Amino acid sequence: GDSTKPTNLQCVMIAGLLPSHLSCSIHTLAKLGIRTVDDVLEKCSEKNLRLLDESDREVAAAVYAAVIERQLPPVALRGTALALVELALIRQRCLSTGASIVNELLDGGLYTGELVEVYGPPAAGKTQLCLSAALATAMRSDGATVGFVDTAGALSAGRLLEMFASSSAARGTQEQEDLDAFAERTLPRIQCFSAFDGGALLAVLNGVHRRLSSLQPPAAPLESAPLPGVPDFFFQNLRLLVVDSLGAVLGPMLGGQQAMGHTSMMHVAKALKAIAAQHQVAVLYTNYAVRATSHRDALDVREPGLGKAWSYVPTVRVLFQHAADSNAE
């Protein structure tokens, strides 16, 4: 529905969603400015509950659980109300990549809790997709933030401004005021972490995981918080973690008999999975491509780098190729 003009259906939908023992919660929700399913998912999550008074917190937590666990009365199991609930839940979990064709390929976009790997040859558009996804997420109305682990110096405010200006021009809305507002509102939601080797990458990922864990009750505050220059509100709203390029950092560690390189790679995999699964963050990273070992006679058949051990890490893999090389992809 239109968030600026709530409809009766949205209000009735919330009332119909609640089990009878929570029917009195409607007035409390209204007082908190919660009128739709989107509002429940955005304002009643664990990250936001601690901002409420104790009495309001109990009501909000119960309503949130009722929505998430589908505790719906029979009347809500039919027709438009259920469809709207499902759409709201999907919309909260799914982040746009900023590229409609990739969103379609990924069944809507980047889902929180999952790892998406984009692999391919150099200059195939992998970094551009990472920047596009970061931009689209940071521009969401729910205040979502993006952690961008940059291993090659590809991220810059100037490049993001150029991308925003290009998209605004395509919509016919480019104005200096738009660029100024974008720089003030959106750019601070994208935090760059530089990591030019495997050790630095693992330190950043472990730091992100520890900061996210420290914000979840009943965890005790950290005496010396990792990544000290980044405020708590950034991690409270973290929805997307981008690593560009993961393959460029881990690849050189895997040559020859470097057993420690494989161990470090598995530690990176464990950290990425923990961030995604335990904190409901979408993870997008890039990897290089190598000639497929099962098709030695076919020069144009590629498979992801980092070997077979890494193949069990990503939830989804997407191959990017140059237009002249892509036949079936």
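The following legends describe close-up views of a predicted model.

**View 1. The rings of F193 and F234 form an edge-to-face pair.**
The whole structure contains 3 aromatic pairs. In the pair of F193 and F234, the ring centres are 6.5 Å apart and the planes stand at 70°, so the arrangement is edge-to-face. F193 belongs to strand 5 (residues 190-194) and F234 to helix 12, so the pair ties together parts that are 41 residues apart in sequence. F193 has a relative accessible area of 6% and is therefore buried. F234 also counts as buried, at 2% relative accessibility. Ring pairs join F193, F234 and F235 into a cluster.

**View 2. The rings of Y285 and W310 form an edge-to-face pair.**
The centres of these two rings lie 5.9 Å apart and their planes meet at 85°, so this pair is edge-to-face. Y285 is buried, with a relative accessible area of 0%. W310 is buried, with a relative accessible area of 0%.

**View 3. A salt bridge joins R317 and E117.**
The structure holds 2 salt bridges. In the bridge between the side chains of R317 and E117, the distance from N to O is 2.7 Å. R317 lies in strand 9 (residues 316-319) and E117 in strand 3 (residues 115-120), so that distant parts of the chain, 200 residues apart, are linked. R317 is partly exposed, with a relative accessible area of 30%, whereas E117 is buried, at 0%.

**View 4. A salt bridge joins R211 and D232.**
The side chains of R211 and D232 meet at a distance of 2.9 Å, N to O. This pair links helix 11, which holds R211, with helix 12, which holds D232; the two residues are 21 residues apart. R211 counts as buried, at 4% relative accessibility, whereas D232 is partly exposed, with a relative accessible area of 38%.

**View 5. Q216 is found in the loop between helix 11 and helix 12.**
The loop that contains Q216 runs between helix 11 (198-214) and helix 12 (232-236). Q216 has a relative accessible area of 31% and is therefore partly exposed. The C-alpha atoms of Q216 and Q236 are separated by 9.3 Å, and these residues are 20 residues apart along the chain. Leaving aside residues up to four places away in sequence, Q216 touches Q278 and H279.

Technical notes
Residues numbered from 1 in each chain as written. Predicted model: local features only at pLDDT ≥ 70, side-chain atom pairs only at ≥ 80, totals over all residues. Heavy atoms only, no water. Helix = DSSP H or I, 4+ residues; strand = E, 2+ residues; numbered from the N terminus. Buried < 20%, exposed > 50% of the residue type's maximum accessible area, 1.4 Å probe, protein only. Contact = heavy atoms within 4.5 Å. Phe/Tyr/Trp six-rings, centres within 6.5 Å; stacked < 30°, edge-to-face > 60°. Salt bridge = Lys/Arg side-chain N within 4 Å of Asp/Glu carboxyl O.
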